[in-house]
Amino acid sequence: MTRVHGTSRAAAPAPFTPSAPLNTVLARPSRTVAAALPRLPFRRPLLLSVTSLSPNARSVAPPPSFLQSHSPQCGDEELGEEFLIFGYWAWLMSFSELKDRHVAATATVNTLRDRLNQKRQQLLDTDVAGYAKSQGRTAVNFCSTDLVCCRTLQGHTGKVYSLDWTSEKNRIVSASQDGRLIIWNALTSQKTHAIKLPCAWVMTCAFAPNGHSVACGGLDSECSIFNLNSQVDRYGNIPVSRVLTGHKGYVSSCEFVRDQDTRLITGSGDQTCVLWDVTTGQRISVFGGEFPSGHTSDVLSISINSSNSNIFVSGSCDATARLWDTRIASRAIRTYQGHYGDVNTVKFFPDGQRFGTGSDDGTCRLFDMRTGHQLQVYSQQQANNDQDIPIVTSIAFSISGRLLFAGYSNGDCYVWDTLLAEVVVNLGKLQNSHEGRISCLGLSADGSALCTGSWDKNLKIWAFGGHRKVI
Amino acid sequence: MDRRLMVVLSAAESADYSFADEYNGPPLPYDIPRAVPIDVDRIPLAAVAPASAGLPDLPVVHPLPSPSSSPLKKPPPTHATPAPPLPVASPTSVIENHASMDRPGAEVSGALGSFGFPDRSTDLSEVVDSSGAIGFSDELGNGAAWSNEMMPNRLSTESALSSEFSFRSSASGDEDEAVALQAKKALLVTFQESGQSSCSMSPAVGVTPRARSEDLDMKIIKRACHRCLKRSRFTEKETCLVCDAKYCSGCVLRAMGSMPEGRKCISCIGSPILESNRGRLGRSSRVLKKLLSSREGCSCPPNLKPGFYWYDKVSGYWGKEGHKPDRIITPHLNVGGILMRNASNGNTGILINGREITKVELQMLKWAGVHCAGNPHFWLNADGTYLEEGQKNVKGQIWEKPIMKLLCPVLSLPFPSKVANPSGEEVNNLFHRAVPDCFDTKALQKLLLLGHHESGTSTIFKQAKFLYSSVPFSEDEREDIKLMIQTSIYNYLAILLEGRERFEEESLDEQRDKQHLESSGDVAFDKQNKVTEYSISPRLRAFSDWLLKIMASGNLEAIFPAATREYAPLVEELWKDSAIQATYSRRNELQSLPSYASYFLERVIDISRAEYEPSDMDILCAEGINSSNGVTYTDFQFPCLAYVGSSIDDDDQQEALLRYQLIRVHTKGLGENCKWLGMFEDVRIVMFCVAITDYDEYYEDANGTVRNKMMESKRIFEGIAGHPTFEQMDFLLILSKIDLLEQKMDMAPLTLCDWFGDYNPVVSYHPQNKNRRGAQIDATKAQQAFHYVAVKFKRLFFSITGRKLYVTQANGLDGDSVDAALRYAREIIKWEERLVCDIHESMYSTEPSSYSH
């Protein structure tokens with residue numbers, strides 16, 4: 001097949017501007033690939049901001065689609081088409097040549113990305129804190145009794161790795177390295193269920209919106225669903241009601257889609273996120289993976305937008321966060337850069353227009369979802385010597401978004417004022433605080449209580465004490 | 001009722017045997033009481049207390065360490081019921097006991113003789129009552145037994161107390177029960193009369209050593225246990241210092257009892273040891289250590305005087321009934337029942353652990369800063385932390401204030417002995433990981449198997465499954481593996497097809513060049529010649545294009561299992577095509593084709609069928625263990641070596657019971673920077689697998705750069721060895737695929753890898769040598785390379801951690817070598833454990849002379 005187009009390929013460094021070879025391709029319907037692909041009228045792909053930045057981009061490579069800053073509302077049609085073009089390209093060239101091109105394209109993309117970032121930096125003349133200060137806002141002031149540890153949930157015999165609140169009742173599910181999920185009543189600190197897991201290396205757990213089932217995932221690359229109402233077997237264990245298999249790496253994060261008990265999104269070490277149908281156990285769509293706009297390293301965390309449950313954001317070891325639309329699989333709507341280390345945790349801001357990230361580089365950042373701008377960096381200025389900056393393991397926003405709770409690997413848990421980027425209080429230094437790394441934290445649905453889980457095997461519930469009202 | 005603990009105190013300390021002088025005076029009208037000459041060999045053993053039917057718990061016999069015999073009082077030949085107690089006491093002890101009975105206030109005259117008097121009904125009832133007490137001494141004896149074992153020649157009250165414990169203690173709980181049952185049985189058994197005049201009543205050993213050794217010597221095969229007569233060469237045994245009888249670990253405690261005089265059979269107690277055994281005195285013994293270490297000792301035993309006591313399990317408080325606490329002993333001993341409210345007769349209304357405290361204690365609490373308003377109820381833990389009943393939050397630490405140490409003696413209240421308590425804690429902290437495991441012999445020992453992609457970890461894991469488990473792979477797992485193999489077959493085919501494309505183009509170019517040389521520009525001729533030996537028919541070409549496209553998009557799995565049904569005939573056709581065969585013959589030039597691909601490719605027609613069932617060998621050779629690439633684990637036990645004459649393995653039965661868990665993690669599954677390694681902090685050993693043949697193999701990483709696989713393994717190894725989670729972990733490096741090394745060394749020198757640039761093997765240049773023992777020289781060449789690589793890794797490991805790296809070799813396809821490697825890992829664990837135990841035990845030791853390490 002390659003023989004036929006040998007000549008045109010030889011001149012192919014810039015075959016993309018003229019649409020001739022592609023049209024030739026379309027005119028050859030006998031081939032399997034062409035037959036397999038739906039016939040769509042060919043339109044030129046969008047070369048948006050990239051072209052404006054680099055006039056020579058066109059002549060270098062096929063469009064690096066994950067660079068394009070489409071608006072989030074970008075339609076299916078265009079995307080599908082872009083993928084098609086990529087497919088045609090793959091078909092046009094031999095495999096090895098394609099690889100070379102890919103390497104070259106990746107290099108170009110990296111340089112372009114750098115330029116984009118530079119440009120972005122130039123445009124960013126202020127951040128949230130600067131603006132708030134100029135407006136005369138002052139930081140939230142907490143005294144030591146405003147946020148107190150009012151419950152300690154003891155019962156795990158291993159490090160706690162993950163926790164989640166139910167949406168309506170005050171129940172918590174926690175996952176620990178002892179291979180158990182425990183469901184707690186946060187008010188009475190009683191355990192209502194203890195679920196022994198088939199694989200002890202669990203990393204994440206989540207409550208279903210209806211509160212009747214929990215999901216968990218871990219190093220076994222599977223996501224297991226347990227129905228809390230199901231009959232226990234003769235050993236007193238709750239049987240697994242559904243196993244979602246298909247990931248090729250550990251399941252690092254899972255979250256049910258709000259208002260949809262049958263939909264679940266997982267993030268995995270195989271660089272993908274997957275939307276599942278829990279009832280059938282089938283994958284509905286896979287985000288990332290082989291497609292060039294996906295994460296290039298392990299996905300560590302996901303968060304679903306609270307106002308539009310079709311949109312979710314994922315954080316990854318490639319130091320980026322990416323925004324996805326569940327209706328548009330295979331490409332990220334947007335990529336957010338800025339961190340210098342693995343993005344361990346992402347969480348949507350309560351209004352759903354922004355999201356926060358926490359990273360191995362010891363900072364939390366606030367990104368604007370639409371513009372992709374980084375609004376604010378939350379980091380301790382008096383950072384000690386470089387090697388032992390505590391990494392951010394988990395974050396959560398208060399119900400109003402004014403406070404950002406961030407857990408760190410050294411056992412600190414800062415409460416940031418999101419407006420002024422100042423630490424309001426450090427829960428790690430309060431009385432009855434954790435003795436180990438804070439591995440996970442979460443806010444209850446009504447925002448009145450914060451739960452932290454730690455490697456010291458305990459969970460603690462913090463609540464606004466005294467007359468302080470919930471913010 | 002609060003649990004009354006009547007303590008039977010041994011009077012052994014006062015039992016310095018008094019011998020009457022011979023009467024030399026004038027003749028008397030009455031009989032002089034006379035002491036019968038003592039036969040040293042006949043040691044009377046303690047008599048059995050009468051057990052009336054219905055008693056739940058029978059007291060166990062104490063061995064009597066005083067040498068005497070009683071020819072005068074023979075026991076009745078048989079007893080239908082064990083009810084009548086047995087008059088077994090030497091005259092000396094009779095005298096002793098009479099003397100002590102006359103003393104007012106001496107309720108019990110010592111455990112030794114008091115049981116044996118039929119006429120002492122009070123004693124009897126006390127004995128009967130004291131069943132609980134005996135249970136108690138049983139428990140408390142633990143610590144004593146420890147010290148006893150350490151100081152074999154010391155005779156102490158504790159040792160007498162602990163005798164029952166020793167009969168019962170055993171490594172595992174189940175066994176413990178069984179032994180206890182047997183001991184009970186032994187008690188109920190009618191007393192045997194030995195051929196000789198002494199009536200030695202040992203519950204466990206019913207015959208005197210002489211008699212036993214006489215009649216057993218003939219029967220007992222060498223190296224068999226003298227008690228259970230089971231013969232197993234490789235189990236460790238403990239030998240009596242006197243009669244050289246050997247006991248296996250299951251019997252030694254019953255045969256030797258509490259060992260008040262060291263390692264002697266119960267019947268040999270009192271006898272001098274064999275001179276030839278003198279060298280063994282004072283050596284600590286592994287059998288005993290294992291037996292005794294299974295229980296934790298009472299590190300601060302109470303001073304026991306006869307009386308009734310209460311014991312607070314939670315805080316360790318200990319006191320006389322109706323009195324304030326007397327001391328703080330080791331908490332959580334399994335002694336006594338529920339603590340009663342009125343145990344110490346307090347009237348303050350404040351409860352600690354359910355006991356109403358006395359006024360003095362209330363004073364102490366006040367000084368300690370505890371708020372006692374409203375008569376609260378406290379829970380006091382052993383470490384001094386206290387909480388209010390029904391609450392979760394610790395309210396404070398009682399012993400925290402330094403002044404408490406001074407105040408407590410003022411109130412004559414106990415203060416926790418800092419010597420005993422924290423030292424135990426310290427020990428636990430020091431050997432945080434190792435100690436609990438080494439005590440709990442049933443604990444699961446976790447072995448972590450790690451390695452770079454294709455380093456042989458999965459093969460070793462699967463081999464271990466085949467070796468040790470009865471059902472290595474379930475139906476589901478086999479199905480999964482089948483799918484995996486079939487997927488990989490398509491993968492290999494795709495690699496071949498890609499290669500074919502390349503070869504076709506190359507040969508086309510060649511032809512074109514030839515044409516140019518021949519300078520005949522005939523186009524028709526050109527067209528004809530385009531068919532090379534690598535060309536395939538259009539039908540197959542379509543399939544090839546389709547497959548390559550699927551591969552490029554990366555969702556090969558999506559087409560399965562439908563592909564097996566649809567394309568099996570096509571695959572067959574493809575494989576039989578001469579072009580593919582021609583490509584296959586040039587497979588050495590296809591870098592990305594793994595070495596084991598040919599194993600499957602040659603049977604591709606079978607495999608691509610839907611009804612294909614993978615054989616064991618197929619499973620071993622397949623890539624990976626399951627399709628999800630997640631963590632996999634298998635529990636197993638090492639079976640006892642069945643064949644005699646293998647390496648002398650000193651397995652104990654208990655060690656054979658040890659369960660191991662082999663955990664295999666794909667390094668990719670650990671994420672970047674091995675982020676999740678912290679989850680494996682509880683493993684005992686890390687086995688890092690490196691394929692030794694990797695030194696000249698390359699792979700392409702995500703960025704498209706080509707890397708040497710050996711260097712990549714090294715990089716991962718560095719990351720894992722330096723990971724904070726594994727700071728004190730033992731590492732075993734397994735160099736796998738050693739069998740392929742020999743062939744490879746000839747084709748590619750080891751120096752191809754940058755890291756091995758300074759490899760400079762000693763080569764023998766003797767041609768005769770080479771001719772005669774060519775095979776051997778080849779073998780040593782591989783061995784040399786193995787040692788060189790091993791040293792390289794050892795140095796690397798030492799430079800990172802400063803510790804020793806263990807290295808072994810394995811060939812995943814060879815079961816024996818995997819078995820050997822895993823057994824080596826077990827040896828390392830055991831060895832480290834022993835090291836820790838030795839340190840541990842020397843911390844318990846009080847007398848340095850009891851050791852000779």
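Q: Which residues of helix α14(B) are buried?

A: The buried residues of α14(B) are Thr457(B), Ser458(B), Thr459(B), Ile460(B), Phe461(B), Lys462(B), Gln463(B), Ala464(B), Lys465(B), Phe466(B) and Tyr468(B). Buried means under 20% relative accessible area, exposed over 50%, and partly exposed in between, with a 1.4 Å probe and protein chains only. Helices (H or I, at least four residues) and strands (E, at least two) are DSSP runs numbered from the N terminus. The helix is mostly covered, since eleven of its twelve residues are buried.

Q: What should the reader know about the model and its numbering?

A: This is a predicted model, in which local features need pLDDT of at least 70 and side-chain atom pairs count only at pLDDT 80 or more, while totals for chains, interfaces and linings use all residues. Residues are numbered from 1 along each chain as its sequence is written, chains are lettered from A and ligands numbered from 1 in the order in which they are written, and side-chain values use heavy atoms, with hydrogens and water left out.

Q: What span should α14(B) have?

A: The expected span of a helix is 1.5 Å times one less than its number of residues. For the twelve residues of α14(B) this gives 16 Å, and the end C-alpha atoms are 16 Å apart, which agrees.

Q: Which residues does UniProt list under "binding site"?

A: An unreviewed UniProt entry gives this annotation for Glu454(B), Ser455(B), Gly456(B), Thr457(B), Ser458(B) and Thr459(B). Under the name "binding site", UniProt (unreviewed entry) also lists Ser458(B) and Ser628(B). UniProt positions follow the numbering used here, feature names are shortened, and annotations may be inferred rather than shown by experiment.

Q: Where does Ser458(B) lie, and which residues does Ser458(B) touch?

A: Ser458(B) lies in α14 of chain B, residues 457-468, and counts as buried because its relative accessibility is 8%. A contact means heavy atoms within 4.5 Å. Leaving aside residues up to four places away in sequence, Ser458(B) touches Ala622(B), Gly624(B), Ile625(B) and Arg664(B).

Q: Is Thr457(B) buried or exposed?

A: Thr457(B), which is also placed in helix α14 of chain B, is buried, with 3% relative accessibility. Beyond residues up to four places away in sequence, its contacts are Leu449(B), Leu450(B), Gly451(B), Arg664(B) and Cys689(B).

Q: Where is the place of Ser455(B)?

A: Ser455(B) is in the loop between β11 (444-451) and α14 of chain B. Ser455(B) is buried, with a relative accessible area of 0%. A polar contact is a pair of N or O atoms within 3.5 Å; within protein, one must be able to donate a hydrogen and the other to accept it, and residues adjacent in sequence count only if both atoms are side-chain atoms. A polar atom of the Ser455(B) side chain lies 2.7 Å from the backbone oxygen of His452(B).

Q: How many strands has the open sheet with the order β10-β11-β12-β13 in chain A?

A: Strands of a sheet pair through backbone hydrogen bonds, either parallel or antiparallel. Two strands pair if DSSP finds at least two bridges between them. This open sheet has four strands, with antiparallel pairing. At its edges stand β10 (251-256) and β13 (282-288) of chain A, each with a single partner strand, so one side of each is left without a neighbour in the sheet. Strand β12 (residues 272-277) of chain A pairs with β13(A) over six bridges, and Val286(A) in β13(A) is the bridge partner of Val274(A).
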